[in-house]
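Subject: Structure handover

Hi,

Here is the structure for you to open. My notes on what turned up follow below.

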Amino acid sequence: MINALIIGCGRIFPKHFDSLKKLGKEKIKIIGVCDSNIKKKIIINKKYRLKFYQDYKKAILLTNPDVVIILTPSGLHAEHISFSLKNKCHVIVEKPMCLKNLDAKNILNLSKKTKKRVFVVMQNKFNTPIKKLLKDLKKKKFGRLLHGSVIVRWMRDKNYYKQASWRGTWKYDGGVVANQACHHLDLMRTIMGDPISVFAKATSHLAKIQCEDTALILFKFKGNKTGIMEATTAMRPHNVEGSFSLMGAKGSVKIGGFALNEISYYYPKKNIDKRKYITKPENVYGFGHLEFYKHFIFSLKKNRKSEFECEEAFKTVNLINAIYRSIEKNKEIYLNQLTNSKRLGIN
Ligand SMILES: NC(=O)c1ccc[n+]([C@@H]2O[C@H](COP(=O)([O-])OP(=O)(O)OC[C@H]3O[C@@H](n4cnc5c(N)ncnc54)[C@H](O)[C@@H]3O)[C@@H](O)[C@H]2O)c1
């Protein structure tokens, strides 16, 4: 049995709580929950019947968990991960792992030094259609890969941004690139490889935030592969599309729906039963958290390396920074070295 402490009881907390409950206490037991907002204590004690702590450092030192599950604002992840690792805990952290490259590098080094592992929640990779695509890519069913394309047309209105003061700020969040579309950037990397360069433009159409609500990104990959991404939270009246399309020399595929939750087309196999792969999640979080936890337990117990760990997450953080740097400098940015945004993770 693995003992877990959760830090951060906001919007994504119930998704984690429900997934852990489905796993059963004998797999992962929640031994405490922490939130700096004392108002959360009542609901945690009454509804969830869990022990509440207000100070995350005290909570870790008092409960001595095997794993700390970090669900706090993205700009605080680095601090919370470091303290957990230094106190000999494994970490599960919500995406993105952190905002700054320097922090990502420190986390990587600290994880090696302490021999404790950091897993980042990129639950979309457990979506049924994505699993099918990744399996068929291993079998080279689409031939040589040519082009990857992402569209994220989601709605985040002023009520969303007003929910918490960290949303849409440079210091704690970033815009659609670092927050909502970091799932899709991670998927792009997984499928197309690490980009050689990116060129991006951004604006804020509707959201009154420091960062962008809309970004347009061009990618160059090794082997003359290309990529494009359009990501926005200015879609109205609701989330309409979260898709990934792939062109290969022998066929093409589009995983569509509003949250990578169905197959729109899948060639060359014309007679694929698309209905087998449709899922109907109630929100963009999907059903992947439970699968993610199963994967975490498996990787830990079997001591298997996982693609959800900090080594890969570091590359996604670097990609996010390169995209922001391209926006800041209005030029193509090459990823052959670490490139830092001058704004992300900074006041
Ligand atoms: N995987 C996904 O699809 C997905 C979806 C939503 C959010 N997220 C990520 O989850 C994280 C949290 O997002 P959210 O929407 O739940 O945010 P939220 O604002 O609703 O919740 C964050 C909670 O952390 C608490 N907190 C802040 N500072 C703290 C501290 N120092 N110690 C303890 N608690 C502290 C806040 O009081 C709040 O209750 C973000 O990194 C976000 O990007 C991921």
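The buried residues of helix H6 pack against strands E12 and E13. Those residues are Thr128, Pro129, Ile130 and Leu133. Please keep in mind that this is a predicted model. H6 covers residues 128–138. Lys140 follows H6 and has a positive phi, near 60°.

What does H6 sit on? E12 and E13 belong to an open sheet of eight strands, in the order E13-E12-E11-E7-E10-E9-E8-E14. The pairing in this sheet is mixed. Strand E13 (262–266) and strand E14 (333–334) are at the edges. Each has a single partner strand, so one side of each has no neighbour in the sheet. H6 packs on the sheet, touching E12 and E13, and its direction makes about 160° with that of E12.

E12 (residues 251–256) runs antiparallel to E11 (residues 241–248), and five bridges join the two. In one of these strands, E12, Val253 is the bridge partner of Leu246.

H10 lies across strand E8 (195–203), strand E9 (214–221) and E14. Its direction is at about 55° to E8.

Next, helix H1 (residues 13–23). Its buried residues are Phe13, Lys15, His16, Phe17 and Leu20. What covers them? The cover includes strand E1 (2–7), strand E2 (28–34), strand E4 (67–70) and helix H9 (288–301). Gly24 follows H1, with a positive phi near 95°.

Is Ala104 buried or exposed? It has 28 other C-beta atoms within 10 Å, and 20 or more count as buried, so Ala104 is buried. Leaving out residues up to four places away in sequence, Ala104 touches Met97, Cys98, Phe314 and Val317. Ala78 is 26 residues from Ala104 along the chain, and their C-alpha atoms are separated by 7.5 Å.

Last, the ligand. There are 24 residues around it, and Gly8, Gly10, Arg11, Glu94 and Ala164 come nearest. By class, the shell has eleven nonpolar, eight polar and five charged residues. Which domains supply the shell? Domain 1 (2–123 + 292–306) and domain 2 (125–285 + 314–334) each give at least three residues.

Best wishes

Key:
Residues are numbered from 1 along each chain as its sequence is written. This is a predicted model: local features need pLDDT of at least 70, side-chain atom pairs count only at pLDDT 80 or more; totals for chains, interfaces and linings use all residues. A residue is buried if 20 or more other C-beta atoms lie within 10 Å of its own, exposed if 12 or fewer, and partly exposed in between; C-beta atoms are placed from the backbone. Helices (H or I, at least four residues) and strands (E, at least two) are DSSP runs, numbered from the N terminus. Two residues are in contact if their C-beta atoms, placed from the backbone, lie within 7 Å. Two strands pair if DSSP finds at least two bridges between them. Axes are lines fitted to C-alpha atoms, for helices over the stretch in contact, and angles run from 0 to 180 degrees between N-to-C directions. A residue is near a molecule or strand if its C-beta atom, placed from the backbone, lies within 6 Å of it. Ala, Val, Leu, Ile, Met, Phe, Trp, Tyr, Cys and Pro count as nonpolar, Asp, Glu, Lys and Arg as charged, and the others, Gly among them, as polar. Domain bounds come from an automatic or database domain assignment.
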